[in-house]
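Reader: I am new to reading protein models. Could you walk me through this one?

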Amino acid sequence: MTDPADLELAHRLADRADAIARRHFSAAVVASRTKSDGSPVTDADREIELVLRSLIRKEHPDDAFIGEEFGAHGHGRRRWIIDAIDGTASFLAGEPEWSTLIAVEEDGRVTLGMVSAPVLGRRWWAGPDSGSWTGPCPRDPAVPAQRLALAAGGSAQDAAIGIWPPPSRLNQRERRVAARLARGVSQVLPPLDWTAADPTAPAPRKPSTGSGTCHGALLVATGQLDAFLLLGAGPWDIAPLIPIVQEAGGTFSDLTGEYRTDTGAALFARPGLHRQLLDIAATAD
């Protein structure tokens, strides 16, 4: 069961992150630079992570913390996992599909996940045995949260899945996995040649663009896709989405079928499809 105090703190952290992100997002120019891995980072990413880390330390000084921009701090059985702005490219482009991701991990299991997307006006959250929920952002006590629930069944060959990032940002093995999955299902977003790694190709739209969500795993949790494969990811990209998908009735693992957030790969799926998709992916080795 999710600790109500953790959930309340996560909402407050999301409120702070939303305010900071909105201020930067509405500026005439958003300051940014390119990191060593080729991805962009903005002043908003860095400010949000520092502010949230400080707030968490004040309320839970014994908890550990890890964020995308400044790494890990502290040690303990509890750890907060933060992605200050997930979807920085969308943020810089003035598009709404970006968010702050927040998770609490205890003894290696994620016990709270939250996604807050202020421009979309939506927030999603969940914890073990607490259900998966969505509601307005910012919070409005007068508007009841809606519970997410997925139907089971279906076969992989009829499935619609999302894969991200595009081939130019994947290594050779990751491209083989993506291509194999793409061939084994009915529809893939984005519809690319996943065997090709042309760095000059136009940047494709990510699966969540125009969906009312901001992360491929949310497309699974809300029933808009049957599955989503995320490759080359950090724990901050994965952990907050695990309870949201699982509590909606979906499934999560890395590509070996293990509950891990440190292997760089995450497969989220509607119930009944997960094993089928893992078997397809395994043939890519």
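Author: Start with a definition. Strands are DSSP runs of E with at least two residues, numbered from the N terminus. The model here is a predicted one.

Reader: In which strand does S99 lie?
Author: Look at the strands as numbered from the N terminus. S99 lies in strand 6.

Reader: Is S99 buried or exposed?
Author: Buried means under 20% relative accessible area. S99 has a relative accessible area of 0%. Its contacts, leaving out residues up to four places away in sequence, include D83, V115 and C214. By its area, S99 is buried.

Reader: How many helices and strands are there in the chain?
Author: Helices need at least four residues, strands at least two. On that basis the chain has eight helices and 15 strands.

Reader: How does the radius of gyration compare with the globule rule?
Author: The chain has 285 residues, and the globule rule gives 19 Å for that number. The chain is as compact as a globular protein of that length, because its own radius of gyration is close to that, at 18 Å.

Reader: What share of the residues is buried?
Author: The cut-off is under 20% relative accessible area. Of the 285 residues in the chain, the buried ones make up 53%.

Reader: Which residues have the most contacts inside the largest nonpolar core?
Author: In soluble globular proteins, nonpolar side chains tend to be buried together. The largest nonpolar core here has 32 residues. Elements that give two or more residues to this core include strand 6, strand 7 (109-117) and helix 7 (241-247). The residues with the most contacts inside the core are V115, W124, I238, L241, I244 and F268.

Reader: Which residues is L241 in contact with, beyond its neighbours within four places in sequence?
Author: Contact means heavy atoms within 4.5 Å. Set the neighbours within four places aside, and L241 is in contact with L101, V115, H215, A217, L218 and F268.

Reader: Why is the pair of F25 and W98 tilted?
Author: There are five aromatic pairs by the ring rule. In this one, the ring centres are 5.2 Å apart. Planes under 30 degrees apart count as stacked and over 60 as edge-to-face, so the rest are tilted. The planes of F25 and W98 stand at 50°.

Reader: How many residues apart in sequence are the parts that this pair ties together?
Author: F25 lies in helix 1 (residues 4-25). W98 lies in the loop between helix 3 (88-92) and strand 6 (99-106). The pair therefore ties together parts whose separation in sequence is 73 residues.

Reader: What kind of pair do F252 and Y259 make?
Author: F252 and Y259 are both buried. Their ring centres are 5.6 Å apart. Their planes are at 90°, so the pair is edge-to-face.

Reader: What sits over the ring of Y259?
Author: Look 3.5 Å from the centre of the Y259 ring. There you find the charged end of R109.

Reader: With which side chain does the side chain of E95 make a polar contact?
Author: E95 is in the loop between helix 3 and strand 6. At 18% relative accessibility, E95 counts as buried. Its side chain makes a polar contact at 2.4 Å, and the partner is the side chain of R205.

Notes: Residues are numbered from 1 along each chain as its sequence is written. This is a predicted model: local features need pLDDT of at least 70, side-chain atom pairs count only at pLDDT 80 or more; totals for chains, interfaces and linings use all residues. Side-chain values use heavy atoms; hydrogens and water are left out. Rings of Phe, Tyr and Trp (its six-membered ring) pair if their centres lie within 6.5 Å; planes under 30 degrees apart count as stacked, over 60 as edge-to-face and the rest as tilted. Buried means under 20% relative accessible area, exposed over 50%, partly exposed in between (1.4 Å probe, protein chains only). A charge sits over a ring if NZ of Lys or CZ of Arg is within 6 Å of the ring centre and within 35 degrees of the ring normal. A polar contact is a pair of N or O atoms within 3.5 Å; within protein, one must be able to donate a hydrogen and the other to accept it, and residues adjacent in sequence count only if both atoms are side-chain atoms. A nonpolar core is a set of buried Ala, Val, Leu, Ile, Met, Phe, Trp, Tyr and Cys residues joined through side-chain atoms within 4.5 Å. The radius of gyration is taken over C-alpha atoms; the globule rule is 2.2 Å times the number of residues to the power 0.38.
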